[in-house]
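Reader: Could you walk me through this model before I look at it in detail?

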Amino acid sequence: MAKCPFCGAEIRELVVDVCSCHTITYSYFLSDRGRIEREEIDREEPDALLECACCPECGEDLRFDSEDEIEAFLRGEIILAHKNDVEVHGSFVIYEGRKYKILHEVDEILYYLDAGWLE
C-alpha cells in the first residue's frame, strides 16, 4: 500500500493537477481605418506539462517526475520515505529488513524501488 512520507496516510488514490501553458504573441496596431487591430505573430506550444500529485490527507506535493512514477507508487513498486526514517547505504536503502535502490531524492524525501525489481 502506498503511504505518504509526510503524514503516513495510506494512499489509494491521487488527484493530479496538470498545467499546460502555451504562449501566443500578438501585434496590436492602428489600422488605416483608425481601428485597433490584433494579429497573431507567434505561437509556442508547451514541450512539457507541470504535474502536481498531492497527498489527499495532508495536501503535500509528492513531487513525482513522471506519470510512470505515479502509477508505480500507487501499485506499491516505488516507495517514498523521509531520509531520516530509513537506513541509507550509498545508493541503497534498508527498510524493514529489505534492500531498496534509491531512484532519486527531492527535499530530503527518497524515492526508492525494491531491489528485487532490478534483477
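Author: What follows goes from the overall shape to a hairpin, the cysteines and the salt bridges.

Author: This is a predicted model, in which local features need pLDDT of at least 70 and side-chain atom pairs count only at pLDDT 80 or more, while totals for chains, interfaces and linings use all residues. Residues are numbered from 1 along each chain as its sequence is written, and side-chain values use heavy atoms, with hydrogens and water left out.

Reader: How many helices and strands are in the chain?

Author: The chain has 1 helix and 11 strands, where helices (H or I, at least four residues) and strands (E, at least two) are DSSP runs numbered from the N terminus. Along the sequence the order is β-β-β-β-β-β-α-β-β-β-β-β.

Reader: Why is the chain described as more spread out than a compact globule?

Author: Because its radius of gyration is 22 Å, well over the 14 Å that the globule rule gives for 119 residues; the radius is taken over C-alpha atoms, and the rule is 2.2 Å times the number of residues to the power 0.38. Along the principal axes, the C-alpha atoms fill a box of roughly 80 × 30 × 25 Å.

Reader: And what percentage of the residues is buried?

Author: Buried residues account for 27% of the 119, with buried meaning under 20% relative accessible area, exposed over 50%, and partly exposed in between (1.4 Å probe, protein chains only). Tyr-112, in strand β11 (residues 109–114), counts as buried because its relative accessibility is 0%.

Reader: Switching to β4 and β5, in which sense do they pair?

Author: Strand β4 (residues 23–30) and strand β5 (residues 36–44) are antiparallel, with 8 bridges; strands pair if DSSP finds at least two bridges between them. They form a hairpin with 5 residues between them, and Gly-34 in the turn has a positive phi of about 85 degrees.

Reader: Which residue in β5 is the bridge partner of Tyr-26?

Author: That partner is Glu-40, whose side chain also meets that of Arg-43 in a salt bridge (2.8 Å, N to O). A salt bridge here is a side-chain nitrogen of Lys or Arg within 4 Å of a carboxyl oxygen of Asp or Glu. Glu-40 is partly exposed at 36% relative accessible area, and Arg-43 is partly exposed at 41%.

Reader: How many salt bridges does the structure hold, and which parts of the chain does the pair of Arg-63 and Asp-107 link?

Author: The structure holds 5. In one of them, the closest N and O atoms of Arg-63 and Asp-107 are 2.6 Å apart. That pair links distant parts of the chain, 44 residues apart, with Arg-63 in the loop between β6 (50–54) and α1 (67–75) and Asp-107 in the loop between β10 (98–106) and β11. Asp-107 is exposed at 57%, whereas Arg-63 is partly exposed at 38%.

Reader: Now the cysteines: how many disulfides are there?

Author: There are 0 disulfides, a disulfide being a pair of cysteine sulfur atoms within 2.5 Å. For Cys-52, the nearest cysteine sulfur is that of Cys-54, 3.2 Å away, and for Cys-58 it is that of Cys-4, 3.8 Å away. Cys-52 is partly exposed at 22% relative accessibility, and Cys-58 is partly exposed at 34%.
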